[in-house]
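My notes follow in the order in which I checked them.

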Amino acid sequence: METSQKSVTDIRFVCRGTFVHSTAEEALQILEDALLGVDSKGKIAFIGEGTDLQRLSESFGFSSCAVTQLGQHEFFMPGMIDTHIHAPQYSYTGTALDMPLLQWLNTYTFPVESRFQDLEFAKKVYTQVVKRTLRNGTTTACYFATIHTDASLLLGQIANDFGQRALVGKVCMDRNDSVKHYKESSEESQEETCRFVKELLNKKYPLVKPVVTPRFAPSCTEALLAKLGEMAKNNKLHIQSHISENLEEVEWVKELFPNSESYTDIYHKCNLLTDKTIMAHGCHLSDEELVLFRETGAALSHCPNSNISLCSGVLNVRNVLNHKVKLGLGTDVAGGYSPSILDAVRRALDSSKVLTIQDPEYKTLSFEEVFRLATLGGSQALSLDERTGNFQVGKDFDALRVNVAAPGGPIDLIQNEKPQILLEKFLNLGDDRNIVEVFVAGKKVVPFSEP
Ligand SMILES: [Zn+2]
């Protein structure tokens with residue numbers, strides 16, 4: 001049994017039943033008839049065995065009658081982590097999937113993102129995306145917003161109001177913008193990023209933090225990238241961007257930055273590869289570039305729906321893991337059309353199987369490994385693994401209560417399926433109807449409380 005040193009009056013609630021999660025050693029650890037206590041700060045105070053109830057209730061000072069007992073087809077799993085999602089693009093998700101990346105950005109993305117100067121429109125879309133992702137079990141999201149500082153601050157406020165853990169980035173782009181009213185100068189971009197970071201930190205939201213967000217190298221001058229890198233370094237900020245998503249983009253980057261050895265080298269030279277950096281995609285990175293990721297501690301976000309929907313490429317996840325580069329899953333809404341990390345889990349498995357079809361020697365990812373990417377892996381990729389990612393004592397209780405047999409849900413059970421089968425069915429067949437409760441930092445955030 002694991003416990004932390006807590007006073008006897010500190011317990012907020014206790015649950016008993018099956019808990020599934022990942023650890024460094026095991027992609028899937030199943031704890032049957034476990035007891036988990038959450039303290040008044042929302043942190044996991046203890047995890048023990050159900051049969052130890054009497055002793056635990058005495059040492060932690062809770063009444064054994066006050067324990068919530070999970071049903072036979074229920075389990076708790078860690079909240080899922082979306083390491084890459086564009087909140088404004090949620091407004092057209094599920095459409096506009098008929099073009100490759102660079103044309104897609106100019107045709108669909110930039111015109112839509114330019115509308116977020118309108119705070120009423122921003123409020124509507126951002127409320128929808130935060131609610132939709134929470135309901136689908138995303139307890140932590142790493143968001144791109146738009147270039148608009150006030151709308152980006154509003155996204156932070158909405159995430160805070162609904163209790164979602166979030167990194168929020170005001171997008172920076174000072175070149176190659178094709179849309180008339182969607183551009184900023186280098187100076188504006190730097191100053192507004194400063195203002196965004198300062199104002200968001202001043203709000204002192206417990207779970208929402210800023211992330212420095214150059215859109216991607218082709219949208220930014222080297223001078224702007226260097227300034228952003230300096231700002232992130234001086235203030236120890238998170239950083240997010242895109243890298244090596246499709247081949248046309250990779251070629252364009254070579255033309256735009258003729259003096260750089262590689263796409264990765266551009267970010268590296270500008271101090272944008274740190275252990276708080278997450279880069280989306282990386283489908284076409286060389287092994288040398290992956291080594292640079294590992295050396296700097298920078299992470300990748302695997303967004304398989306997007307990579308397939310925009311015909312960008314197929315990330316060789318096994319190779320990334322073999323290089324010991326931190327990796328999480330992302331929806332990349334709206335390049336990826338689904339806002340659910342469950343979808344990312346399925347597309348990650350499909351993509352891995354495509355690689356096995358092409359090369360039977362390729363070691364396909366197991367569902368347990370992808371489950372780890374969706375939870376613990378995501379928390380490591382965002383450098384939030386001291387706070388979230390699994391059920392380790394001392395971490396925040398970010399969790400989904402899953403009922404695989406939820407009435408009216410998408411899954412039929414035939415016999416007394418074991419927890420591992422229940423998890424596999426949920427990952428492959430489940431949806432938000434199976435996610436009956438969502439907790440972030442010990443607070444129940446789904447079902448939504450009425451204002
Ligand atoms: Zn993206």
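Entry 1, the domain interface. I looked up the area buried between domain 1 and domain 2 in this predicted model. The value is about 2,300 Å², and carbon and sulfur atoms give 65% of that area.

I then checked the bounds. The domain assignment gives domain 1 as 2-78 + 390-446 and domain 2 as 80-381. On the contact between them, I find 34 residues from domain 1 and 23 residues from domain 2. I also took the separation of the C-alpha centres of the two domains, which is 30 Å.

Next I asked how many salt bridges the rule finds across the interface of domain 1 and domain 2. There are two.

I also looked up a salt bridge by residue. The side chains of D398 and R165 meet in one, at 2.9 Å from N to O.

Entry 2, the zinc site. Which residues coordinate the zinc ion? I find H84, H86 and H242, each through NE2, and D332 through OD. The distances run from 2.0 to 2.3 Å. I read the spacing of the donors along the chain as H-x1-H-x155-H-x89-D. H84 lies in strand 7 (residues 80-86) and D332 in the loop between strand 15 and helix 12, so this pair ties together parts that are 248 residues apart in sequence.

The angles among the four donor atoms range from 87 to 170°, and the site is classed as irregular.

Are H84 and D332 buried or exposed? H84 has 2% relative accessibility and counts as buried. D332 has a relative accessible area of 4% and is buried too.

I looked up where T331 sits, and it is in the loop between strand 15 (326-329) and helix 12 (341-358). Its relative accessibility is 3%, so T331 counts as buried. I listed its contacts, leaving out residues up to four places away in sequence. T331 touches D82, H84 and I85, then S306, and then G336, S338, P339, S340 and I341. H84 in that list is also a ligand of the zinc ion, through NE2.

Conventions:
Residues numbered from 1 in each chain as written. Predicted model: local features only at pLDDT ≥ 70, side-chain atom pairs only at ≥ 80, totals over all residues. Heavy atoms only, no water. Helix = DSSP H or I, 4+ residues; strand = E, 2+ residues; numbered from the N terminus. Buried < 20%, exposed > 50% of the residue type's maximum accessible area, 1.4 Å probe, protein only. Contact = heavy atoms within 4.5 Å. Donors = N, O, S within 2.8 Å, 3.2 Å for Na, K, Ca; no water. Tetrahedral: all angles 85-135°; square planar, octahedral: opposite > 155°, others 65-115°. Domains from an automatic or database assignment. Buried area = accessible area lost by both parts, 1.4 Å probe. Salt bridge = Lys/Arg side-chain N within 4 Å of Asp/Glu carboxyl O.
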